[in-house]
Amino acid sequence: MTSAQRTPGELFIWTNVDPTYEDDFNQWYDREHMEERAAIPGFCWARRYKNPQNERRYLALYRTEDISVFHSPTYQQAFQHQTAWSLSNFSRMQNSQRRVMRVQPLAGFGTGAAIALITLGNQATAEQVSRIAEQIQKQMDGVLALRLLTPDTELSTPLPSEDTTNRILEPVLIIDTTTEPVAAAVSRWIIEEFKLDGTCATTFSLLWDLRSSDISR
């Protein structure tokens, strides 16, 4: 497969955690889990975000060179044989969403100190937003990059704490910005422009960014 044919993938974990175990949850991510995943061949980077005011406070994103990496033997080995620390923290997660996404870069580039996350409900809305992504990036100061994430139904198996009876696999818009106020402002603009539900947008601040190239294999 040539690079031109590749469809980047992104593992998307959006969750809350039992506050009793929040310190251990953060230590697990920062000392084991992110490095473990970012070291898998085909992974590019891992990032963690937080919004303490949101019903799901934590977001983790992992980029792969191609979505087929999630079918690879190395990833499947890690996914099917979790560490004891991982299993403990999976049991403490609350109201989780696990998605394996197909990534469509829309405009701009770079990693911001904050992001806007906007759930778009359906593909028709996603296509409408995509058409004006370059306009948004060029005209709004502090907006660095926009990308569309579309869930892969087969690969997006749920974590134990997700309510599968009301499970919705919907497109998600991620907007990298310089600050959380910029993320909030661009979210408001998109909600008003496309008449979206006001609860569909969340902002997050970046906790840390781990590049796979920084890990000695």
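Analyst: Buried means under 20% relative accessible area, exposed over 50%, and partly exposed in between, with a 1.4 Å probe and protein chains only. This is a predicted model, in which local features need pLDDT of at least 70 and side-chain atom pairs count only at pLDDT 80 or more, while totals for chains, interfaces and linings use all residues. Residues are numbered from 1 along each chain as its sequence is written, and side-chain values use heavy atoms, with hydrogens and water left out.

User: Why is Arg37 called buried?

Analyst: Arg37 has a relative accessible area of 2%. The limit for buried is under 20%, so Arg37 is buried.

User: What makes the contact of Glu36 with Arg37 a salt bridge?

Analyst: A salt bridge requires a side-chain nitrogen of Lys or Arg within 4 Å of a carboxyl oxygen of Asp or Glu. The closest N and O atoms of Glu36 and Arg37 are 2.9 Å apart, and the pair therefore forms a salt bridge. Glu36 is partly exposed, because its relative accessible area of 27% falls between the two limits.

User: Why is the pair Asp30 and Arg48 called a salt bridge?

Analyst: The N to O distance between these side chains is 3.1 Å, and the cut-off is 4 Å. Asp30 belongs to helix H1 and Arg48 to strand S2, 18 residues apart; helices (H or I, at least four residues) and strands (E, at least two) are DSSP runs, numbered from the N terminus. Asp30 is partly exposed at 36% relative accessibility, whereas Arg48 is buried at 2%.

User: Which parts of the chain are tied together by Asp209 and Arg47?

Analyst: The closest N and O atoms of Asp209 and Arg47 are 3.4 Å apart, which makes the pair a salt bridge. Asp209 lies in strand S8 (residues 201-211) and Arg47 in strand S2, so the link joins parts 162 residues apart in sequence. Asp209 is partly exposed at 28%, and Arg47 is buried at 4%.

User: How many salt bridges does the whole structure contain?

Analyst: The search finds 14 salt bridges. Glu10, Arg63, Arg147 and Asp176 are linked in a network of them.

User: How many disulfides are counted, and by what rule?

Analyst: A disulfide is a pair of cysteine sulfur atoms within 2.5 Å, and the count by this rule is zero. As for accessibility, Cys44 is partly exposed at 27%, whereas Cys200 is buried at 9%.
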